[in-house]
Amino acid sequence: MGGVKQIVVTLLLLAGFAFAQDDMLGAKKPSVTMLPAGLITVTGGKPGEARLRFRINPGFHINSNKPKSEFLIPTVLKLDAPTDIVVGKITYPEGEEMSFPFAPNEKLSVYSGEFTVGVLVRPLHNVLPSKYMFRGQLRYQACDNAACYPPKNLPVQFEVKIAKAPKSHGKNPAQSPHIHH
């Protein structure tokens with residue numbers, strides 16, 4: 001009986017080693033990364049757009065913001081804006097219509113490779129010129145050609161510089177009274 005126990009323990013150890021080795025060899029895992037956004041500059045009191053770029057690992061796709069089925073989880077960006085800065089419309093790209101082996105007769109709306117999400121930001125007039133950090137998350141569900149994986153939340157952050165709004169007095173600037181020849 002002791003020999004059977006030893007064989008089971010050895011098999012479990014080997015299975016654990018194989019799993020760890022598979023992990024170490026970089027088995028493909030679905031993931032989305034945010035590409036560096038750089039500093040986005042917006043004039044105080046005026047709307048501006050932040051363009052956020054994301055990359056999906058090769059061999060995977062994620063559902064678009066408007067998937068074709070109510071059973072699919074859409075890609076959604078949620079943001080927390082700093083005080084007195086309004087997050088306006090979030091613009092998602094059109095999905096690519098693709099069919100997959102698990103549903104060959106159905107076209108799904110997906111993103112693959114790189115995609116860009118536009119975020120309209122509008123600082124109120126009282127916002128001081130400075131740099132402000134926006135934080136949030138991109139919720140997505142990644143799939144490969146055979147299966148879909150549990151939904152994930154990717155932390156997102158980007159910085160917006162609010163530039164001083166030009167002063168406007170509602171009339172033409174003062175003109176020199178001198179005559180220039």
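Which residue forms a salt bridge with Lys-68, and how far apart are the closest N and O atoms? The partner is Glu-97, at 3.2 Å. A salt bridge here is a side-chain nitrogen of Lys or Arg within 4 Å of a carboxyl oxygen of Asp or Glu.

This is a predicted model, in which local features need pLDDT of at least 70 and side-chain atom pairs count only at pLDDT 80 or more, while totals for chains, interfaces and linings use all residues. Residues are numbered from 1 along each chain as its sequence is written, and side-chain values use heavy atoms, without hydrogens and water.

The structure holds three salt bridges, tabulated below.

| Pair | Closest N to O distance |
|---|---|
| Lys-68 and Glu-97 | 3.2 Å |
| Glu-114 and Arg-55 | 2.6 Å |

Glu-114 in strand E9 (residues 114-123) and Arg-55 in strand E3 lie 59 residues apart in the chain. Strands are DSSP runs (E, at least two residues), numbered from the N terminus. Glu-114 is partly exposed at 43% relative accessibility, and Arg-55 is partly exposed at 38%; the class lies between buried (under 20%) and exposed (over 50%), with a 1.4 Å probe and protein chains only.

Strands E3 and E9 also belong to an open antiparallel sheet of four strands, ordered E1-E3-E9-E6. Strands E1 (32-34) and E6 (85-91) stand at the edges with a single partner strand each, so one side of each has no neighbour in the sheet. Pairing requires at least two DSSP bridges between two strands. E1 and E3 (residues 48-56) pair over three bridges, and Met-34 has Phe-54 in E3 as its bridge partner.
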